[in-house]
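Subject: The model, and some notes on it

Hi there,

Here is the structure I promised to pass on. Could you open it and keep it beside you while you read my notes?

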Amino acid sequence: MQKTSEDDTKHPTFRGVRMRSWGKWVSEIREPRKKSRIWLETYPTAEMAARAHDVGALAIKGCSAYLNFPELAKELPLPASMSPKEIQAATSRAAASTRIINSSFNTEMLSCQWTGGIEAIVARLELPSRLSWFLGRFLALYSMAKDPVRVLVTGAAGQIGYALVPMIARGVMLGPDQPVILHMLDIEPAAEALTGVRMELVDAAFPLLRDVVVTTDVTVACKGVNIAVMVGGFPRKEGMERKDVMSKNVSIYKAQASALEKQAAPDCKVLVVANPANTNALILKEFAPSIPEKNITCLTRLDHNRALGQLSERLKIHVSEVKNVIIWGNHSSTQYPDVNHATVTPANGEEKPVRSVVADDNWLNTEFITMVQQRGAAIIKARKLSSALSAASAACDHIRDWVVGTPKGTWVSMGVYSDGSYGIQPGVIYSYPVTCDKGQWSIVQGLKIDDFSRQKMDATAKELVEEKTLAYSCLN
């Protein structure tokens, strides 16, 4: 974050940068999990040192890093590993960049996508310090004046809920200037644990968290909510038949749908996370008819993110350099992770198709697909617990892109109500590639579908139709 002195006659200063007595600028950053610092080299200008700092901060802290130049976050080179040597090499490349920083003010700067929040926005304007201070205060007051958004999390005392609620309270889901009121719901046996989660939220002193509603009453939980993240559900236990699990979840989602129908805000956006997510979302839609069908979705962003992660691991590049994978169909082992339209854009390089960069169709058509489909099971085997952190992060990604919008030229995967696009039977919740703008999603149209993809897409659609039939039989 750039600052100026009171009379604007002194040199600019940046976070993590200081001027040495011999006139050079030095940048350094604390080494991960250690008290020592990594020396990032000396540079002739403060701006070069500031870019070097940002690379180190991103490598160590990821998306929580506080940057001098947040607008350059996606363009900065990242180290191949967390070793000090690799971090220093990446920071040197960033410092040498001739990228001109655009300090012009526009409405996009007020988007909650900017890392660093209000202070970073003001810093980009490069105003005299007194004017910067007044503008910063004004924007802070503007943030405080915004109406809080009420966010419901069901199953809030569980693993995913415990990982999710602090992300929401910190602004990961809705942005660094959006106050929230959390509604946390769980079953009666989890009431004490739910109270403990509330205690921790209070102890964390999140500035954006205006209030917390803790309850085991679904009617109280749903009252006035703007966003509902449905994490709670009945998990399949050993020896249970598929119909038994479906029957339990149909009962749960029928009751919760009725409560949302009567109590939630008219424009409430719903994300179903609990499995079987697609069919749970369909049941919720059936019993909450006043909620627009486009406002009821299920989570396949976790699978989408898993696909991006596996490709970045394979190619040894940062995950931000890969985009436009697609998850088609059901959030199950029949899902189809499709890379036919995905691209890779290396730092300072041109965009190329993933297939041409990977150059191994056999791996992409077999092992890659299976790896994404079975990733949840692999995590359970490794940690003896299901995915929680990654699921919570994906839920935040899903809602944030839905509310704020997807970047131009980028789509994401969401389970949405099928309108017949790409030959998929209407009336099921199916994962499609979508773009989002002004709180609305739209299915990406006109993508070429080859025979291999057609077969995979139809197979997962068939499973969804079977699940729908099973769920409706449970209703009867």
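First, some ground rules. This is a predicted model, in which local features need pLDDT of at least 70, side-chain atom pairs count only at pLDDT 80 or more, and totals for chains, interfaces and linings use all residues. Residues are numbered from 1 along each chain as its sequence is written, and side-chain values use heavy atoms, with hydrogens and water left out.

The chain as a whole: the protein chain has 16 helices and 17 strands. Of its 476 residues, 49% count as buried, where buried means under 20% relative accessible area, with a 1.4 Å probe and protein chains only. Among contacts with a separation of 6 or more, 65% come from residues 24 or more positions apart; a contact means heavy atoms within 4.5 Å.

Now the helices. Helix H5 (residues 159-170) packs against helix H15 (residues 389-404) at an angle of about 40°, and their axes lie 8 Å apart. The axes are lines fitted to C-alpha atoms over the stretch in contact, and angles run from 0 to 180 degrees between N-to-C directions. That angle makes H5 oblique to H15, because angles under 35 degrees count as roughly parallel, over 145 as roughly antiparallel, 65 to 115 as roughly perpendicular and the rest as oblique. On the H5 side the contact is made by Ile160, Ala163, Leu164 and Met167, and on the H15 side by Leu389, Ala391, Ala392, Ser393, Ala395 and Cys396.

Next, strand E5 (residues 180-185). Is it buried or exposed? In E5, 6 of 6 residues are buried. Val180, Leu182 and Met184 point one way from E5, while Ile181, His183 and Leu185 point the other way. Strand E4 (residues 149-154) pairs with E5 in the parallel sense over 6 bridges, and Thr154 stands opposite Leu185 of E5. For strands to pair, DSSP must find at least two bridges between them.

E10 pairs with strand E13 (residues 343-344) over 2 bridges, and Val322 has Val344 as its bridge partner in E13.

Happy browsing!

Key: Helices (H or I, at least four residues) and strands (E, at least two) are DSSP runs, numbered from the N terminus. Buried means under 20% relative accessible area, exposed over 50%, partly exposed in between (1.4 Å probe, protein chains only).
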